[in-house]
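Please examine the sequence and the fold shown below. The paragraphs that follow treat a surface patch, a helix and the nonpolar cores.

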Amino acid sequence: PPIRGRIFSSDGVLLADNRPSFSLEIVPEQVGDMTATIQQLAALISISNADVVRFNEQARKMRRFENVPLRFNLTEEEVARISIERHRLPGVEVVPRLDRYYPRGADVAHAVGYVGMIDEEELERLDRSDYTGTVHTGKLGAEKAFEKLLHGHVGFQQVEVNAQGRVVRELDRTAPMPGRNVYLTLDVSLQDVAVAALAGRRGAIVAMDPRTGGVLALVSSPGYDPNLFVNGISVGDYGALLNSKDRPLLNRALQGKYPPGSAVKPFLALAALHSGVRTVPDQTWCPGWYALKGSSHQYRDWKKGGHGHLDLTQAVAQSCDVYFYSLAQDLGIDRLY
């Protein structure tokens, strides 16, 4: 398998890295009693029911002489415990790997996304020959959007095998082509400002460069730790995220549906200028309320007591409701549409 490309911000901050780790893997062909072997391992290190279920699913898809991962991200102490008992555990191996790691965690989770274990549906969609030996693919965000660039191309060996499919000798080898590094338009210093502004409250902030459409900051708050998903999130951790009243998995910047509110006012101003209903210096009186002709109902401005006289520039700057009530009435429904 190729080494996955890394993801950087526009200002060179590392957002997605490959970190060395150790995984516990088993070659089923070399194990006499799989249940007993897993029980022996569980007495040495922590192995959850989810680990066993995932292992069994992977083992069914692979040939019996291939390594099947049981546990990821072993600690140094866990590696040592297994190594001491290694002679009692035929078919059990500690294998060094490169795992995806997100050093900025929740601050960029909704923009960068994460990788996760390849599922059945993705296996049908992906080029199997190019993903041989690869167990992860981009699930969300930039990781998914730039999957083709980040993944690279698999290397291969031309080998001679026996009737059981076991390799006898290697005839030829082509090295894998590592994935390309991706530099986003995201500016981490601006991202940090947006994260601090929300301070964990529910909401979203997006800043874009109007000249290019480049996303400079994208924050959906509260966020979540994408590192939890890389090698399969636990049932407890996923349940906590899924059932949280703050809905951290919801990307409010992309999936949230909110009334536009005062964000429409600059566009109404442009419409008024375009149609000749207003010029920039024209002033409107704001007493703090607006009433339609022949009606006593008062539509309140956000500022109690009103803004007084405002021209168009001041009305946009102050987000004066009364100015735009009046402007919309003068535009009429057809021009407004």
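In which helix is the place of F267? F267 lies in α11, residues 265-275, where helices (H or I, at least four residues) and strands (E, at least two) are DSSP runs numbered from the N terminus. The model is predicted: local features need pLDDT of at least 70, side-chain atom pairs count only at pLDDT 80 or more, and totals for chains, interfaces and linings use all residues. Residues are numbered from 1 along each chain as its sequence is written, and side-chain values use heavy atoms, without hydrogens or water.

F267 is exposed, at a relative accessible area of 59%; exposed means over 50%, buried under 20% and partly exposed in between (1.4 Å probe, protein chains only). Together with L270, L273 and V280, F267 forms a nonpolar surface patch of about 380 Å² accessible area.

Helix α1 (residues 34-44) has T37, I38, L41 and L44 buried. Seen down the axis of α1, the buried residues fall within an arc of 110°, so they line one face of the helix. On the other side, T35, Q39 and A43 are exposed.

The largest nonpolar core has 21 residues, and α4 (109-112) gives the most to this core, with three residues. L15, V112 and L186 are among those with the most contacts inside it. Setting aside neighbours within four places in sequence, L186 is in contact (heavy atoms within 4.5 Å) with residues including L15, V108, A111 and L218. A second, separate core of 16 residues includes I47, F55, V68 and V92.

How values were computed. Core = buried A, V, L, I, M, F, W, Y, C linked by side-chain atoms within 4.5 Å. Patch = residues over 30% accessible without salt bridge, like charges linked within 9 Å, V, L, I, M, F, W, Y side chains within 5 Å. Areas by Shrake-Rupley, 256 points an atom, 1.4 Å probe, with all protein chains shown as cover. Salt bridge = Lys/Arg side-chain N within 4 Å of Asp/Glu carboxyl O. Arc of directions from axis to C-beta.
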